[in-house]
Every structure is written in structure tokens, then in C-alpha cells.
Amino acid sequence: MIQMSKFKKSADLDNVKMVDFYRQMLYIRMVSVALRQSALKMELKCPVHFSFGQEATAVGVGMNLKKKDAIVITHRSHAPYLAKGGDLKKMIAEIYNKKDGTSGGIGGSMHLNSPEKNIFCSAIVSGGISIAAGLALSFRMKRKNNVAVAFFGDGAVEEGGLSETLNFAALKKLPMVFFCENNMYAVNSHISETKAVHEVSRIARAYDLPAIRIDGNNILEVYKAVKTAVNRARNSRGSTFIEATTYRWLEHVGPRFDHISGLRPEKEVRKWISRCPLKSYEKYLLKKTIINNKEISKFKVNIERRIKAAWEYMDRSPYPKLKQLEKII
Amino acid sequence: MRLISYAEAINEATFQLMDKNPSVFVMGLGVTDKSGVFGTTLKARAKFPDRVIGLPIAENAMTGIALGAAAGGMRPIFTHQRMDFLPMAMDQIINHLAKWKFSMGGKGSAPVVIRAIIGQGVGGGWGQACQHAQSLQAIFAHIPGLQVVMPYTAFDAKGMLIASVCNDAPVIFIEHRHLHGLKGDVPRKMYEVQLGKAAKLRTGKDVTIVGLSAMNIKIKIAVDELSKYGFDAEWIDLRSLKPWDEKMILKSVRKTKRLIVADTGHKSFGAGSEIIATLAEKLAGKLKGVKRISLPDMPVPAGPTIEKEYYPCANDIINAVFEMYGKKPVSNREYMKDSEPEVDFKEAF
């Protein structure tokens with residue numbers, strides 16, 4: 001297992017930005033906690049894939065993107081959706097399958113699409129990668145200075161769609177970033193059961209694309225790597241492959257822990273929880289006196305308020321009717 | 001009257017679409033070749049080389065790229081030389097393209113046109129065999145969110161390609177290789193032929209014969225021959241398989257009480273099955289005869305004699321009508337020989 005890397009402040013970062021990273025991760029974590037409660041109470045009627053432990057990856061990407069940049073996300077969508085600026089109220093309504101959800105309530109947790117924010121979603125493993133490449137191609141053809149980021153997990157590396165897209169992106173020098181969250185598990189299968197090469201970023205080198213493997217639990221490291229990749233893409237220098245190693249705390253889908261049902265060793269889960277991307281960064285910021293406990297409490301109160309408002313919005317929204325769907329096919 | 005070929009009509013429509021709208025572009029394996037996919041991409045390439053993009057052989061990801069480009073405001077025409085390679089792209093077509101708008105609750109649009117060419121081996125003894133001569137339209141027509149069109153005339157090829165590219169939902173645009181050489185009267189200007197509307201090519205009262213794509217070539221021969229025997233057939237070119245023109249066919253069959261559907265695909269769960277089932281629901285007890293003319297439930301074999309046995313011909317259509325009227329079937333070698341038009345096989349394929 002990889003040891004937690006040290007936080008290293010790069011020269012371009014000021015304290016305001018560093019606090020922003022923290023606030024974003026805290027926001028995503030607190031929303032996840034609230035949603036997990038809903039799931040445990042059996043209020044959610046669609047499969048929900050949580051991102052506990054994977055907040056730094058989402059925020060490290062989101063903080064580097066502009067509104068007109070695009071991301072294509074996966075079934076594990078909440079964290080990158082929120083990090084890209086996706087609307088919280090609409091997300092909660094969507095997960096509750098309400099009419100005012102971001103996809104009208106009919107997509108659920110696995111279809112958090114928000115075209116107005118350039119957030120697109122595919123729940124088929126590897127399915128969104130080529131779509132991100134297509135968005136990158138459209139930016140090129142329309143002479144827009146934007147970037148597309150494909151989120152995918154280590155499981156997607158086994159799919160042909162990734163290889164096909166790597167070739168095309170390298171060939172056309174597309175303005176895109178391949179962002180792989182390697183959490184070492186595809187559903188319940190450990191990487192050792194499914195892959196000959198565990199350092200998945202090596203696949204990109206076969207296509208002459210720059211590839212970097214980073215600690216995905218270290219927000220500063222993620223931010224820096226994504227910044228370099230996004231700058232390359234924006235400056236017409238082509239695509240980059242980033243492998244961010246991380247760990248999902250909960251089961252593949254649902255609100256429970258895997259070690260309870262014996263699917264993963266408890267020791268492994270506990271070790272990764274001790275490397276929490278949020279807590280470790282909080283500790284670092286406190287130590288460097290970039291932030292204090294009073295400010296943290298203030299953030300929490302603020303986020304709680306937003307969460308409450310989102311649930312109220314969801315409560316007010318009705319369920320959609322089948323009749324209304326006919327015209328959208 | 002301005003006679004140009006079906007392939008030339010597609011070539012012209014593509015060029016005009018790209019000339020009018022800078023978001024339209026062509027992508028596909030071989031679209032930049034000298035032969036330009038049977039001549040259909042040449043004009044566009046000569047004028048807009050940056051918007052005619054040759055692709056690697058990676059049908060699935062390339063379909064995703066077409067979809068992503070469409071999500072980014074482009075209007076791709078993704079061209080395949082053979083429909084048999086579309087199964088490589090099924091994840092993107094079925095899971096993504098067809099679901100794009102729906103999964104966003106109706107917000108997004110995916111104006112992707114996928115051109116697929118079928119009929120590479122029909123009757124000509126070209127031996128393209130089981131992986132290079134398939135007509136898979138029924139598979140796509142089954143999927144909500146996809147439109148499937150199969151123009152027969154050069155006029156429709158142009159008008160329906162323009163309508164398809166201007167449509168905000170994905171279209172599978174199917175061309176039969178034997179139609180590429182057929183000439184028709186095609187206006188020079190841009191025009192749209194509305195998707196979902198069939199075309200009545202002959203008015204009659206005794207039987208309704210619905211044809212898809214190149215099956216219309218055989219129907220044309222059959223209806224002329226049938227008239228010599230005193231049968232007055234109504235001939236409808238379906239043109240658009242999904243959505244299909246239920247209204248026109250229903251009206252025709254109400255009159256004729258008899259329906260033959262001639263399809264280029266396999267019999268089971270095919271276009272004929274769907275159309276006849278729908279009519280059976282609507283005209284329960286009123287139908288006096290139905291028949292599917294289609295490929296057997298067997299992959300396409302290769303070989304000059306066996307292909308003639310395998311593919312339905314005009315004689316099969318004639319006999320289907322005879323059977324409905326209790327008349328003894330005839331075996332006419334002339335119609336068995338086939339009704340294929342002259343196709344220029346000089347091009348490499």
C-alpha cells in the first residue's frame with residue numbers, strides 16, 4: 001500500500017485557494033454523509049455509489065476547470081458533479097427521482113447530467129471516455145479554448161473503449177485529460193484479480209501520451225497534476241493521463257462498509273480511513289495556521305444550511321409522470 | 001429533369017449541408033480515400049478537407065466521439081462502409097447515443113447521423129458472406145431513441161440525409177449498395193424529405209406491398225408482372241423504418257385486406273414481423289392474407305449459386321400474391337435471375 005504523500009504547497013497557491021480546496025472537500029463529504037443517512041433510512045429508491053475517501057480527486061479536478069470546460073463522469077458521480085459546480089438542490093432531487101432533479105428525476109444517481117454546466121454522465125464502465133474525447137474534438141473544431149476531462153475508474157482500463165480513445169486523443173492531440181481514479185476495486189474484485197499491470201497509467205505510454213501517477217488522497221498533488229495537464233490541453237499540446245491512487249471506503253453501491261460483509265479486510269479499510277483526504281488536509285491547514293477551528297465551524301454551519309435547503313427543495317418537488325416522458329424520446 | 005445517381009445525391013447533400021452549416025462534418029474509416037466511400041464523400045472532402053476526418057478502426061470509441069462532438073454543438077455524419085461493423089459500436093449506440101436526451105430528462109440533443117451500407121453481396125455472387133453482407137436494421141429499430149431510415153430513390157437519399165442531419169435525434173441512415181448506381185430526378189437545391197413518412201409508388205386495390213430499401217427494385221418488377229395477370233397491387237416504399245408510417249399502410253390495407261412486407265433483413269423479429277403484427281392488432285379479423293418476404297433465419301452464405309437461392313427475388317413476391325388469391329405459384333427463372341441493377345463493381349471493396 002502506498003504511504004500518504006506529504007502536503008507540499010506550490011508557489012502558485014495562496015491561502016484563499018487552499019482554503020477553497022478544503023471547503024469544497026468538506027462540502028462534498030457533508031453532502032455524502034447526509035445522503036448516506038437517507039440511504040440507510042431506505043429513502044433512496046435508486047442505486048447510489050458513494051465517493052467517501054475520494055473527495056480530493058474530484059476537487060483537484062473541479063478547481064482547475066472553467067464553466068465551459070466539460071467533464072464526463074461515471075456511476076460514482078456525486079463528488080465530481082459537485083466539484084464541477086453542479087447544482088446541489090437538483091442533484092438531491094434527482095437522486096430522490098423527483099421532477100426537479102437535474103435529469104427530471106428519471107436518471108437517478110447514475111445519471112447526473114447537467115449540460116448547462118457541461119457535466120455529462122455515463123453509467124457504463126468506460127462509456128464516457130470517448131464522449132469526453134468527442135467534446136474535446138468539438139472544442140478544437142469550434143476553436144474554443146476549452147478542455148474535456150474524462151473521469152473513470154481502474155476498472156475502465158480493462159475496457160477496449162479506453163484504448164481506442166487513447167489512440168485517437170494522441171493522434172489528434174485532443175485537448176483532454178484522462179483522469180483515472182484507481183481505487184483498486186472493480187465492484188468487489190481487487191485489482192490483483194483483474195489486471196496484469198497495476199500501475200494503470202502505463203497504458204497511456206504505449207500511445208506516447210504523458211502519464212503521471214499521483215497520490216489521489218493528497219489534494220495539493222492532485223491539483224498540481226491536473227493544472228499541468230489542463231494547461232497542456234489548453235495550449236494545444238495534447239492530452240495527459242493522470243492516475244490518482246485512492247480508496248473507496250464504502251461498498252461498491254450503497255451506504256455500508258464492505259468489511260462488515262467480509263468482502264474486504266477490515267485492516268485495509270481502516271488504514272485508508274486513517275489516510276482520509278479531508279482530515280489529513282485539515283490537519284495540515286490547522287498546523288500551518290492557514291485555517292482555524294472557528295472558521296471550520298462556520299463552514300460547517302453554512303454547508304448544513306445548504307444541505308437543508310436542498311432537501312426542502314427535493315421535498316417540494318413532485319414525482320414525474322410517465323405521460324410527460326413520451327415527448328422526450 | 002436532372003438525373004443523378006443515389007451515391008451522387010448523397011455526395012451532393014453532404015457537400016451542401018457542410019457548406020450551409022460549419023458544424024456539420026464527416027467522419028469515418030476511408031472517408032478521405034480517393035474512392036470516397038463509393039463516391040459519397042468526394043465533394044465534401046475537396047471543399048472542406050478539415051471537416052472530413054479519417055478515423056482509426058475503433059467503431060465503439062469513434063461513436064462515442066461522434067456523440068461527444070454532437071454534445072459540443074457539432075453535427076457529425078459518421079460513415080461506415082459496411083453495416084456489419086456497427087455491432088462493434090453497440091455500447092455507444094444503444095447505451096449512450098439512444099439514451100443521451102432521455103438520460104438528461106429531455107435537455108440534451110445528440111444530432112448524430114450514422115451512415116451504414118448494406119447489401120454488399122446481394123445476388124451478385126460476390127461472396128461477401130456472413131460477416132460482410134448483413135442487414136441489421138431491425139436491431140436498431142428495436143431501440144427507443146433511435147431513428148432508422150432506408151431511402152430507396154436518389155431523390156429520397158438526398159432529402160432524407162438532409163432531414164437526418166438537421167434532426168436533433170440520432171439517425172441510422174441505411175443505404176443499400178445496389179441503390180448507389182440508380183439514377184433519379186434530384187433537384188439541385190437543398191430540400192428535406194420528412195422522416196417517418198412512406199411513399200406510395202403505385203396505387204392499387206388487390207394487395208399492399210411494402211418495400212424497404214433495395215427490395216423496392218424487386219417489387220417494381222413484381223407489380224408490373226402482376227398487372228399482366230390482372231392483379232392491381234398497391235406499392236409503398238416504407239423509406240423510414242423507425243418511426244414508420246403506420247397511417248399510410250393502415251389506410252392501404254383497410255382497402256386491400258392483404259399485406260406483403262419485403263425486407264432486406266432476416267425474417268424473425270424483423271421489420272415485416274413488426275408491421276404485420278401492428279396491422280393484425282388494428283385490423284383484427286379483417287385481414288385476408290399477410291406475408292413476409294425476407295432473408296431466411298440463417299446467416300448469409302457465400303457463393304454464386306447459393307446466394308441466388310438465399311435472397312428473395314421478384315418471383316417470390318409474385319407467388320406471395322398468387323398464394324393469397326389461391327392461384328398456383330409460378331417459377332419464373334427470369335425473376336429468379338434477379339432484378340439487380342447494373343452496379344459498377346470496379347471500385348475496390
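**Burial, ring pairs, salt bridges and a sheet**

Me: In this predicted model, does Y152(B) count as buried or exposed?
Reply: The model is predicted, and burial requires a relative accessible area under 20%. Y152(B) has 10% relative accessibility, so the residue counts as buried.

Me: What is the relative accessibility of W235(B)?
Reply: W235(B) falls under the 20% limit for burial and therefore counts as buried. Its relative accessibility is 6%.

Me: How many aromatic pairs are found over all chains?
Reply: Two rings pair if their centres lie within 6.5 Å. Over all chains, the number of aromatic pairs is 20.

Me: Which geometry class describes the pair of F7(A) and Y281(A)?
Reply: Planes under 30 degrees apart count as stacked and those over 60 as edge-to-face, with the rest classed as tilted. The ring centres of F7(A) and Y281(A) are 5.4 Å apart and the planes meet at 55 degrees, so this pair is tilted.

Me: How many residues apart in sequence are the parts that F7(A) and Y281(A) tie together?
Reply: Both F7(A) and Y281(A) are buried. F7(A) belongs to the segment before α1 (15-40) of chain A, whereas Y281(A) belongs to helix α11 of chain A. The separation in sequence is therefore 274 residues.

Me: How many residues apart in sequence are the parts tied together by Y152(B) and W235(B)?
Reply: Y152(B) and W235(B) form a tilted aromatic pair, with 6.2 Å from centre to centre and 50 degrees between the planes. Y152(B) is in the loop between β6 (147-149) and α8 (154-166) of chain B, while W235(B) is in strand β11 of chain B, so the pair ties together parts separated in sequence by 83 residues.

Me: In which helix do E282(A) and K279(A) both lie?
Reply: E282(A) and K279(A) form a salt bridge whose closest N and O atoms are 3.7 Å apart. E282(A) counts as buried at 11% relative accessibility, whereas K279(A) counts as partly exposed at 45%. They are 3 residues apart, about one turn, in chain A helix α11.

Me: In which strand of chain B does R202(B), the salt-bridge partner of D232(B), lie?
Reply: The side chains of D232(B) and R202(B) meet at 2.8 Å, N to O. The pair links distant parts of the chain, 30 residues apart: D232(B) is in the loop between α9 (215-228) and β11 (233-237), and R202(B) is in strand β9.

Me: Which are the edge strands of the open sheet in chain A?
Reply: This sheet has 6 strands with parallel pairing, in the order β2-β1-β3-β4-β8-β7. An edge strand pairs on one side only, and in chain A the edge strands are β2 and β7.

Me: At about what angle does helix α9 of chain A run to β7(A)?
Reply: Helix α6 of chain A lies across β3, β4 and β8 of chain A and runs at about 150 degrees to β4(A). Helix α9 of chain A lies across β4, β7 and β8 of chain A. Its angle to β7(A) is about 160 degrees.

How values were computed:
Residues numbered from 1 in each chain as written. Chains lettered and ligands numbered in written order. Predicted model: local features only at pLDDT ≥ 70, side-chain atom pairs only at ≥ 80, totals over all residues. Heavy atoms only, no water. Salt bridge = Lys/Arg side-chain N within 4 Å of Asp/Glu carboxyl O. Helix = DSSP H or I, 4+ residues; strand = E, 2+ residues; numbered from the N terminus. Buried < 20%, exposed > 50% of the residue type's maximum accessible area, 1.4 Å probe, protein only. Pairing = 2+ DSSP bridges. Contact = heavy atoms within 4.5 Å. Axes fitted to C-alpha atoms, helices over the stretch in contact; angles between N-to-C directions. Phe/Tyr/Trp six-rings, centres within 6.5 Å; stacked < 30°, edge-to-face > 60°.
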